[in-house]
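Please read the points below with the sequence and the coordinates open beside you.

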Amino acid sequence: MHTFRPAAADICPHTGRARLGYDRARVLLDTYAGLDLHRLRHSAATHLGEAEVPLQPSD
């Protein structure tokens with residue numbers, strides 16, 4: 001039996017656990033917290049914009 005191992009970039013450096021993909025995070029947030037990941041991301045971006053935090057690094 002083959003055991004799936006995530007790529008090194010997909011491991012959280014703080015916990016050592018595999019990071020969730022977007023689809024898995026979306027399903028878990030919807031199922032257990034009743035949250036919509038797209039709305040949550042949009043809301044976070046809106047708050048950052050209101051605080052005048054740049055979303056792109058300046059050159």
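1. A definition comes first: helices here are DSSP runs of H or I with at least four residues, numbered from the N terminus. The model is predicted, and under that definition the protein has two helices and zero strands.

2. Helix α1 covers residues 22-33, which is 12 residues. From its first C-alpha to its last it reaches 16 Å, close to the 16 Å expected at 1.5 Å a residue. Just after α1 comes G34, whose phi is positive, at about 65°.

3. Within helix α1 lies D23, and its side of the chain can be judged from accessibility: D23 counts as exposed because its relative accessibility is 52% and the cut-off for exposed is over 50%. D23 and L37 are 14 residues apart in sequence, while their C-alpha atoms are 9.3 Å apart in space.

4. Helix α2 takes in residues 37-50, 14 residues in total, and spans 20 Å between its first and last C-alpha atoms, close to the 20 Å expected at 1.5 Å a residue.

5. For the chain as a whole, the radius of gyration is 16 Å, whereas a compact globule of 59 residues would have one near 10 Å. Taken along the principal axes, the box filled by the C-alpha atoms is roughly 50 × 35 × 15 Å.

6. How much of the protein is buried? Buried residues make up 5% of the 59 residues, where buried means under 20% relative accessible area. The accessible surface comes to about 5,800 Å², and carbon and sulfur atoms account for 55% of that surface.

7. On charge, the protein carries 7 positive and 7 negative side chains, and the centres of these two sets lie 13 Å apart.

Technical notes: Residues are numbered from 1 along each chain as its sequence is written. This is a predicted model: local features need pLDDT of at least 70, side-chain atom pairs count only at pLDDT 80 or more; totals for chains, interfaces and linings use all residues. Side-chain values use heavy atoms; hydrogens and water are left out. The radius of gyration is taken over C-alpha atoms; the globule rule is 2.2 Å times the number of residues to the power 0.38. Buried means under 20% relative accessible area, exposed over 50%, partly exposed in between (1.4 Å probe, protein chains only). Accessible areas come from the Shrake-Rupley method with a 1.4 Å probe; for residues, only the protein chains shown count as cover. Lys and Arg count as positive and Asp and Glu as negative; His and the chain ends are not counted. The place of a charge is taken as NZ of Lys, CZ of Arg, CG of Asp or CD of Glu. The expected span of a helix is 1.5 Å times one less than its number of residues.
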